Amino acid sequence: MKMLTKTKIYICIVGLLILNTFTAFAAELSLYGLESGIRQGDVALVKIESDLAIDSISGQFDGRELVFQDDGLGQTALIGAAMNMEPGDYQLVLTALADGQDIRENYMVEVTARDYRVERLSLPEKMVTPDKGKIARIIREANSLKKVKKMLTPERFWDGEFVRPADGLFADNFGVRRILNGIEKKPHSGNDLKAYAGTPVKSPNGGTVVYVDKMYYGGKTVVVDHGHGLSTLYMHLSKILVNHGERVEKGEVIGLVGSTGRSTGPHLHWGAYLGGINVDPASLLSLSFDVMPPAEGLAAAVSVEDEVGQGETLGGN
Ligand SMILES: [Zn+2]
């Protein structure tokens with residue numbers, strides 16, 4: 001009996017000590033937008049608020065950089081989860097300089113599972129296996145696209161909501177595992193829009209045209225760099241209406257839907273890269289730019305003031 005009391009008192013003291021530690025290292029930043037986690041392959045908009053004046057802020061999630069900008073909503077950045085990230089909790093580390101103080105906070109972000117379908121297709125063999133003579137071209141094209149995918153332009157050209165690039169139904173086939181003539185290929189890297197040939201294709205937000213080519217697989221292809229590591233890709237166009245290096249506005253027509261390259265019929269292959277990974281472009285259309293809820297943000301998992309921190313396929317069709 002005596003022992004039990006002692007144990008209780010001991011626990012109480014430890015409890016108080018823990019409480020004090022957390023009070024002393026209370027989070028200085030509030031993070032919004034990831035309260036429900038993020039689904040494999042999706043992009044989410046995060047916003048940071050603080051009572052302190054933030055001079056600079058950066059973040060890392062799964063080894064990739066989050067680039068923030070004060071855009072009137074607060075400090076906002078896009079975050080992406082890779083298509084093949086194992087569902088579970090991952091660390092998001094924020095580093096800020098605010099009111100002359102260095103702040104580091106850790107958040108646990110849940111990556112939730114997406115249900116990837118399996119699609120079996122039978123195509124004429126020549127569409128599946130390229131001629132030997134075409135292989136050098138295919139590799140060259142894949143490499144130049146890889147460079148574009150890794151671009152991290154310090155300027156942000158996108159602003160506010162993203163608009164749909166073309167009228168048509170989404171095939172909702174991002175990440176679909178494809179078995180072509182019995183052989184498993186890399187998962188589908190974009191989200192196809194079923195649209196009539198000749199349908200105008202618009203840039204979903206402001207950007208710069210950084211890639212214009214006629215690719216073996218992708219056919220007539222355009223990539224728009226929206227800045228801060230985000231770019232969007234358009235393949236199988238019947239016509240390209242922009243030039244390399246051109247600035248485009250949100251909604252500006254960049255080409256027309258077609259069926260060039262390895263394609264079985266008119267559609268738009270829409271892809272998106274964020275921080276060097278493939279993300280589902282359709283998730284850009286669901287980003288919420290409303291004033292974020294006044295409810296509690298995601299709680300910092302650990303206060304880290306005292307801690308020291310820390311491929312894919314060619315387009316397909
Ligand atoms: Zn596609």
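I began with strand E19 and its partner. Strand E21 covers residues 253-256, and two bridges join E19 to E21. The two run antiparallel. I noted that this is a predicted model.

I then looked for a residue pair across these strands. Lys239 has its bridge partner in E21, and that partner is Leu256.

Next I traced the sheet around them. Three strands make up an open sheet, ordered E15-E21-E19. Its pairing is antiparallel. I asked myself which strands stand at the edges. They are strand E15 (200-202) and strand E19 (239-240). Each has a single partner strand, so one side of each is left without a neighbour in the sheet.

I turned to another open sheet of three strands. Here the order is E10-E12-E13, and the pairing is mixed. Strand E10 (118-121) and strand E13 (183-184) are the edge strands, each pairing on one side only.

I checked how E10 meets E12. Strand E12 spans residues 177-180, and four bridges join E10 to E12. These two strands run parallel. Across from Arg120 I found Ile179, in E12.

Strand E14 (residues 191-194) was my next stop. I looked up its pairing with strand E11 (residues 169-170): it is antiparallel, over two bridges. Phe170 stands opposite Leu193 in E14.

I followed E14 to another strand, E22, which covers residues 268-274. Three bridges join E14 to E22, and the two run antiparallel. For Asp192 I recorded His269 in E22 as the bridge partner.

I placed Asp55 in strand E4, residues 54-61. Is Asp55 buried or exposed? I counted 11 C-beta neighbours inside 10 Å. A residue is exposed at 12 or fewer, so Asp55 counts as exposed.

I also listed what Asp55 touches. Leaving out residues up to four places away in sequence, Asp55 touches Leu97 and Ala98. I then took the C-alpha separation between Asp55 and Asp99, which is 7.4 Å. Along the chain these two residues are 44 residues apart.

Key. Residues are numbered from 1 along each chain as its sequence is written. This is a predicted model: local features need pLDDT of at least 70, side-chain atom pairs count only at pLDDT 80 or more; totals for chains, interfaces and linings use all residues. Two strands pair if DSSP finds at least two bridges between them. A residue is buried if 20 or more other C-beta atoms lie within 10 Å of its own, exposed if 12 or fewer, and partly exposed in between; C-beta atoms are placed from the backbone. Two residues are in contact if their C-beta atoms, placed from the backbone, lie within 7 Å.
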